[in-house]
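Hi there,

Here is the structure I promised to pass on to you. Have a look at it first, and my notes on what turned up follow below.

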Amino acid sequence: LPLADSSRRLRWSVATAAFQIEGAREEGGRGRSIWDDFVDAPGAVRDGSTAEPGPDSYHRYLDDVELLTQLGVDSYRFSISWVRVQPSGVGAANPEGLAYYDRLVDALLDAGVTPFPTLYHWDLPSTLEGRGGWLDRETAYRFADYSALIADALGDRVTDWYTINEPVSTSLQGYAIGELAPRRQLLFASLPTVHHQLLAHGLSTRILRECGATTIGIVNNHTAVRPASNSAADHEAAFAYDILHNRVFAEPVLLGGYPDLDALGMPPMPVLADDLEIISTTTDVYGLNFYNPTTIAASAPESPVPFEVVPTPGAAHTGFGPEWPIVPSALTEVLVDFQTRYGDRLPPIAIAENGASFAEPDSVTGPIDDVDRIGYLDGHIAAVEDARERGVRIDEYTVWSLLDNFEWAEGFTQRFGLVHVNHATGERTPKASFDWYRTHIQEARS
Ligand code: GCO
């Protein structure tokens with residue numbers, strides 16, 4: 001490992017995503033995405049909520065900017081809704097949609113907060129899903145066109161960009177098992193969606209670079225994988241899970257090649273000439289989301305997948321239950337592993353999401369004393385510092401999330417915010433963790 005790199009100041013950030021906070025699904029000429037289809041499907045969302053009104057940031061974005069100013073963050077990670085700016089996923093831009101992001105970017109810059117948008121946080125235009133979605137290679141080229149359109153509109157003021165957020169969730173939960181949009185259950189036949197999202201990332205990186213961007217990166221979700229026991233079967237299952245969840249997403253980007261999928265009995269990726277070169281185009285930052293470690297056991301012989309996620313023994317857990325154990329040292333482990341595995345090929349890491357949900361009331365009259373969240377964040381920031389002291393280059397730390405928001409299939413039932421949101425009225429009330437993070441940032445700077 002290289003010498004400690006903890007002298008460079010860490011930048012502090014906080015994240016949201018368009019579909020989770022904007023509401024206003026039928027305003028401003030917005031088109032439909034696979035998440036509109038998801039929330040409209042009876043029974044798909046746990047509490048039947050539709051992401052509206054929720055935080056309603058389409059109308060209340062200035063309140064968000066005011067909160068960011070109070071918090072004193074260096075940057076704000078938000079996402080751009082593809083269907084707000086290009087309603088059918090092809091063709092001309094929707095000026096009203098672009099105007100919204102123009103206003104948001106200008107308000108952030110006026111407030112001294114660096115805008116760090118994500119181009120794609122899961123809300124694929126429904127029209128493109130109708131043509132095969134991420135199973136179709138063409139979607140990568142449509143994403144490149146959309147990237148050019150955004151770079152053209154905002155690239156004079158925005159220099160920092162994340163391309164694609166958590167392709168692992170889209171591929172495995174969206175196309176393989178159907179827990180998330182677009183609710184397909186293709187199992188290993190979903191694997192082309194991995195390649196096409198990574199290709200989209202590479203094409204987009206090249207376009208953003210041409211438009212003068214200085215900081216570009218993908219955002220992947222990574223986990224520390226632990227076998228449930230010492231048995232050979234559990235070790236093999238954990239190895240397969242590590243490949244499918246971590247390495248398949250990191251290695252094409254960082255090393256220019258896929259791990260050996262054939263050895264696991266998985267179909268090959270639909271790689272064409274030059275794809276891997278495009279996918280491994282140099283980036284400036286590697287966005288890494290971390291929530292929890294994952295304990296893996298061998299699955300039952302009749303199971304269609306070669307592993308099973310089981311509870312991590314002895315760990316406290318978040319509001320999501322035993323499958324979201326709280327183990328901050330697992331974050332250090334992931335970061336040090338990355339440095340060991342990818343060394344010089346690894347650009348500086350940005351922790352692009354880290355946070356936790358806990359059971360909290362729907363409406364409040366004052367600040368919630370969310371000590372569990374403070375403990376979670378404190379432990380994980382310390383884990384990041386540990387990794388930096390061990391030589392891992394980490395430039396940024398981002399809390400998920402600024403606001404309580406629409407947690408996908410869980411609807412409004414999981415609250416991740418530093419700020420409580422009453423999802424019926426949009427009212428925002430900072431929690432104790434908001435003050436804690438503000439103070440932490442101030443102290444870290446002094
Ligand atoms: C992502 C995440 C977020 C979630 C958060 C809590 O894709 O970046 O899934 O959108 O809200 O991870 O589950």
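In this predicted model, a polar side-chain atom of Glu353 is found 2.2 Å from an oxygen atom of the ligand. Trp408 places a polar side-chain atom 2.9 Å from a ligand oxygen, and for Gln20 the distance between a side-chain N or O atom and an oxygen of the ligand is 2.8 Å. How much of the ligand's accessible area does the protein cover? On its own the ligand has 330 Å² of accessible area, and the protein covers 96% of that.

As for where to look, the ligand sits in the largest pocket. The ligand is surrounded by 13 residues, and the closest of them are Gln20, Trp122, Asn165, Glu353 and Glu407.

Next, the aromatic rings. There are 29 aromatic pairs in the structure. One of them is made by Trp35 and Phe38, whose ring centres are 4.3 Å apart and whose planes are at 40 degrees, a tilted arrangement. Why are these two residues about one helical turn apart? Both belong to helix α2, which runs over residues 34-40, and they are separated by about one turn because they are 3 residues apart in that helix.

- Glu52 and Pro53 are joined by a cis peptide bond, with omega at about -15 degrees. Pro53 is part of the loop that links α2 to α3, the latter being residues 57-71.
- Ala51 is not a glycine, yet it has a positive phi of about 75 degrees. Ala51 is also placed in the loop between α2 and α3.
- Trp400 and Ser401 are linked through a cis peptide bond as well, here with omega at about 20 degrees. Ser401 lies in the loop between β12 (394-400) and β13 (419-421).

Key: Residues numbered from 1 in each chain as written. Predicted model: local features only at pLDDT ≥ 70, side-chain atom pairs only at ≥ 80, totals over all residues. Heavy atoms only, no water. Near = heavy atom within 4 Å. Polar contact = N/O pair within 3.5 Å; in protein donor to acceptor, adjacent residues only side chain to side chain. Areas by Shrake-Rupley, 256 points an atom, 1.4 Å probe, with all protein chains shown as cover. 1 Å grid on protein atoms, 1.4 Å probe; cavity = no way out; pocket = protein on both sides within 12 Å on 5 of 7 lines; lining within 4 Å. Sits in = over half its atoms within 2 Å of the grid points. Phe/Tyr/Trp six-rings, centres within 6.5 Å; stacked < 30°, edge-to-face > 60°. Helix = DSSP H or I, 4+ residues; strand = E, 2+ residues; numbered from the N terminus.
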